[in-house]
Amino acid sequence: ADQDVTLTEGGSEVDDETYTYDGTEKKPTVVVKDKDGNIIPDTEYEVTYDDNTEAGTGKVIIKDVPGGNYVVEDNEIEFKINPKEVGLTWSTPASFEYDANSHTVTATVTGLISPDVCTVTTYTNNEKTEVGDYTATATGLSNTNYKLPASVTYVWEITTQTAETADQDVTLTEGGSEVDDE
């Protein structure tokens, strides 16, 4: 039996059979046609879904209902559920004064579907000690239903410590020996 199976959503064909994760099941409508292009009634087959909520590859499973006017071939059709793009809110401040301690900037993930949890798991250049200008980059997330946004960098700095804020103890030496400052 020559049959054409098309995945549709809301009466129209789904482009490339792709969706974006939103925490809900994806159930593309199935239209099965015979070799002449006639739509086979949905009472002739049963449709089930598998892996159709999380980002990744979902499946539509079509099985014949025995005793009808058609014998519908069993079929599995895969469709894609893309991860949802999230936003990042970087920690503040973006500037630290040098104090010989390590300073770290981190990002919080925004735009999650409740009750999902997702954190930034890996960074580059987000922890430094020395004076300098840095660009931190978020490089990984803890939840595969989400993907990083196009902008994943944050510019930050550690500035030179100023003399009036430096807690300095100055000792004058000459040739390795302490000099009396009188």
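A: The side chain of Glu-44 reaches the backbone nitrogen of Asn-69 at 3.0 Å, where a polar contact is a pair of N or O atoms within 3.5 Å, one able to donate a hydrogen and the other to accept it within protein, and residues adjacent in sequence count only if both atoms are side-chain atoms. This is a predicted model, in which local features need pLDDT of at least 70 and side-chain atom pairs count only at pLDDT 80 or more, while totals for chains, interfaces and linings use all residues. Residues are numbered from 1 along each chain as its sequence is written, and side-chain values use heavy atoms, with hydrogens and water left out.

Glu-44 is buried but has no salt bridge, and Lys-35, the nearest side chain of opposite charge, is 15 Å away. Buried means under 20% relative accessible area, with a 1.4 Å probe and protein chains only; a salt bridge is a side-chain nitrogen of Lys or Arg within 4 Å of a carboxyl oxygen of Asp or Glu. For charge, Lys and Arg count as positive and Asp and Glu as negative, with His and the chain ends not counted. Leaving aside residues up to four places away in sequence, Glu-44 touches Asp-64, Val-65, Gly-68, Asn-69, Tyr-70 and Val-72 (contact: heavy atoms within 4.5 Å).

Glu-44 lies in the loop between β5 and β6; strands are DSSP runs of E with at least two residues, numbered from the N terminus. On the β5 side, strand β4 (residues 29–33) and strand β5 (residues 39–40) run antiparallel, joined by two bridges, with Lys-33 opposite Ile-39. β4 and β5 form a hairpin with five residues between them, and Gly-37 in the turn has a positive phi of about 90 degrees.

The open sheet here has four strands in the order β3-β8-β7-β6, with mixed pairing. Its edge strands, β3 (18–20) and β6 (45–50), each pair on one side only.

In the chain there are 20 strands and zero helices, and buried residues make up 29% of its 182 residues. Another open sheet of four strands, also with mixed pairing, has the order β11-β18-β16-β14.

Definitions and conventions
Pairing = 2+ DSSP bridges. Buried < 20%, exposed > 50% of the residue type's maximum accessible area, 1.4 Å probe, protein only.
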